[in-house]
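Work through the exercises below with the sequence and the structure at hand. Each task is followed by a solution in steps.

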Amino acid sequence: MLEVEHLRVQYGAFTAVDDCSFTVPDGQWLMIVGPNGAGKSTVLRAVEQGVAYTGTIRFSGADLRQKDAAARARAIGVLSQNHFVGYAFSVEEVVRLGRYAHRSGLFSSHRAEDEAAVEEALERTGLTPLRHQSVLALSGGELQRTFLAQLFAQNPRYLLLDEPTNHLDLVYQKQIFALISDWLKTPGRAVVSVVHDLSLAKAYGTQALLLHHGHTVAHGETETVMHPENLNAVYGMDVAGWMRTMLGQWDDPACRAQ
Amino acid sequence: MKRIGEQFDGWIYAVFALVTLCVFFACVCLGSVPIPLRDTVQVVHDAVRGVPSGAALSLARSVVVPIRLPRVLCVALVGASLSLAGAAMQGLLKNPLADGSTLGVSSGASLGAVLAIAFGITFPRLPFAGTMVMAILFALLSLLIILSLSYRLDGSLSTSTIILIGVIFSMFASSVMSIVITFASDRLRSITFWTMGSLQGSSYRNAAILAATLAVSGTVLLLHARELNAFAIGDDNARQIGVNVRRVRLTVLVMVSCLVGVCVSIGGTIGFVGLVTPHMVRLVVGPNHKRLLPASLFSGAVFLMLADLAARTLFSPRELPLGVVTSMVGAAMFVAIYYRSRWR
């Protein structure tokens with residue numbers, strides 16, 4: 001279980017997240033939602049120890065700050081929305097780095113277990129045919145799948161996803177979410193993700209955390225947290241009405257005929 | 001599907017070693033006074049055993065043993081060290097334009113050496129090593145200043161902060177050097193020659209210091225190949241897969257500083273090797289540091305030995321500064337390899 005208590009993150013005088021608390025038990029998919037500047041990504045960066053914070057973040061009862069980097073990576077894996085790889089590493093080389101936390105000693109060598117994990121990750125993400133291809137030659141969706149494969153090879157217990165399909169078209173969006181849903185089926189795992197698309201949050205999330213200006217507005221079951229009253233108050237508009245209008249366009253007979 | 005190994009096979013290392021050895025002996029034999037290979041091997045053999053060589057070999061021995069052999073040894077070790085340091089820095093900072101000098105350590109070491117030459121600084125127990133000790137001291141001092149300033153600005157010691165402080169420090173060190181040179185015009189010639197880079201007059205003591213530094217720092221860097229791969233993909237990715245980012249970054253920076261500091265103290269400012277050799281090697285063997293680091297080490301040694309041979313022989317008996325030759329030869333080689341790789 002991931003437990004976050006009284007989390008506070010400051011960038012200079014600006015408080016990005018204030019007194020944020022939530023828990024994520026095994027088997028859950030927590031969606032962190034809220035408008036721009038709510039502090040969603042900052043919460044994820046604090047959990048992955050990428051930013052200084054006050055408060056406590058525990059994983060399986062142990063303070064994450066006390067864990068060494070490799071132990072932390074075995075517990076929690078992160079998928080960012082953007083990747084800027086400067087050199088022409090092959091897909092396989094990037095995925096293979098996912099095993100770092102499992103053999104991080106200076107004199108460590110390849111093990112059959114690592115090879116199997118890399119092969120399985122490549123297979124699961126459909127990247128086996130592209131394994132020797134340079135990451136510089138990949139499309140956005142293929143690159144995101146490469147880093148997802150690295151994450152699968154890392155085999156952490158929990159995944160943190162920061163808008164994983166932000167710049168991807170619908171096909172890749174569907175692929176990535178299907179892969180993560182499938183990964184979550186193994187007991188003892190959980191996912192925490194930041195998403196802008198409220199439909200995706202409702203479709204895949206089992207829990208939700210609604211943030212506004214760095215404060216927690218609601219936390220709990222997705223249906224309860226994403227109640228129109230909460231969303232309308234935070235976004236300052238009729239969220240459900242807007243969604244219905246957008247989706248209603250697809251009820252047009254011409255669209256249905258296709 | 002067959003997996004392509006991350007590391008080189010043993011036979012590739014054997015080829016690297018063989019090529020390096022061939023170039024090494026060629027450079028020892030060739031020069032303003034060419035010495036046949038058989039005579040070279042004989043006088044080296046005699047010198048190692050401590051027996052005198054025959055009268056016919058006296059010229060060969062007087063050229064090879066005290067002059068050419070230590071010089072070529074030093075050239076090979078400086079080339080290997082600078083190239084390895086450059087490859088490590090380009091991975092660590094995720095920047096193909098980085099090398100040992102990006103950090104500012106090279107300028108710091110140069111400043112120390114220029115101060116030693118300008119003011120005739122020597123050390124009571126190390127009268128031979130004024131320039132060297134000052135260069136190493138200033139290299140380490142520079143690293144301390146750069147890291148302290150970077151840490152005060154940004155506790156996570158991010159790559160961009162280190163590059164920024166390194167560049168600013170280099171400019172500061174260069175300006176101080178200019179002031180020193182202005183007030184030490186009587187030593188201008190030796191300072192200018194030193195800043196152009198030369199390994200003329202290298203000794204076995206220099207070679208031993210270079211070899212010891214490369215053995216320690218080089219081994220540490222080679223053992224961090226996987227971490228450098230992670231940094232080359234990104235600092236955030238490195239942290240997320242479990243790399244202890246601060247410890248590894250500090251380790252690599254200290255090792256690179258030691259290599260660059262010692263090389264600058266012995267050979268002056270020899271540009272291009274650390275910047276371009278790893279870049280060219282990467283085009284051939286790829287960016288994986290498990291292959292890139294050892295390939296850069298051997299290629300740097302071979303490249304600098306050939307450049308030094310050109311410096312000694314092109315306009316013999318006049319000798320060109322090594323730094324000038326490395327830049328000219330390196331630029332031409334870089335263009336050739338770059339265009340070949342683009343058209344392939």
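**Exercise 1.** In which sense do strand S1 (residues 2-11) of chain A and S2(A) pair, and over how many bridges?

Solution. The model is predicted; local features need pLDDT of at least 70, side-chain atom pairs count only at pLDDT 80 or more, and totals for chains, interfaces and linings use all residues. Residues are numbered from 1 along each chain as its sequence is written, chains are lettered from A and ligands numbered from 1 in the order in which they are written, and side-chain values use heavy atoms, without hydrogens and water.

Step 1. Helices (H or I, at least four residues) and strands (E, at least two) are DSSP runs numbered from the N terminus, and two strands pair if DSSP finds at least two bridges between them.

Step 2. S1(A) and S2(A) are joined by seven bridges in the antiparallel sense. Val4(A), for instance, has Phe22(A) of S2(A) as its bridge partner.

**Exercise 2.** Give the strand order of the open sheet in chain A and name its edge strands.

Solution. Step 1. The order of the four strands is S2-S1-S4-S5, with antiparallel pairing.

Step 2. Strand S2 (14-24) and strand S5 (62-63) of chain A each pair on one side only, which makes them the edges.

Step 3. Helix H1 (residues 40-47) of chain A lies across S1, S2 and strand S4 (54-59), at about 115° to S1(A). Axes here are lines fitted to C-alpha atoms, for helices over the stretch in contact, and angles run from 0 to 180 degrees between N-to-C directions.

**Exercise 3.** Classify the angles of two helix pairs in chain B, using these classes: under 35 degrees roughly parallel, over 145 roughly antiparallel, 65 to 115 roughly perpendicular, the rest oblique.

Solution. Step 1. Helix H4 (residues 105-118) and helix H6 (residues 159-183) of chain B have axes that come within 9 Å and cross at roughly 15°. H4(B) is therefore roughly parallel to H6(B).

Step 2. Helix H9 (residues 225-233) and helix H13 (residues 289-313) of chain B pack at about 110°, their axes 8 Å apart. H9(B) and H13(B) are therefore roughly perpendicular.

Step 3. In the contact (heavy atoms within 4.5 Å), H9(B) contributes Ala225(B), Arg226(B), Leu228(B), Asn229(B) and Ala232(B), and H13(B) contributes His289(B), Lys290(B) and Leu293(B).

**Exercise 4.** How many residues does each chain give to the contact between chain B and chain A?

Solution. Chain B gives 31 residues and chain A gives 36.
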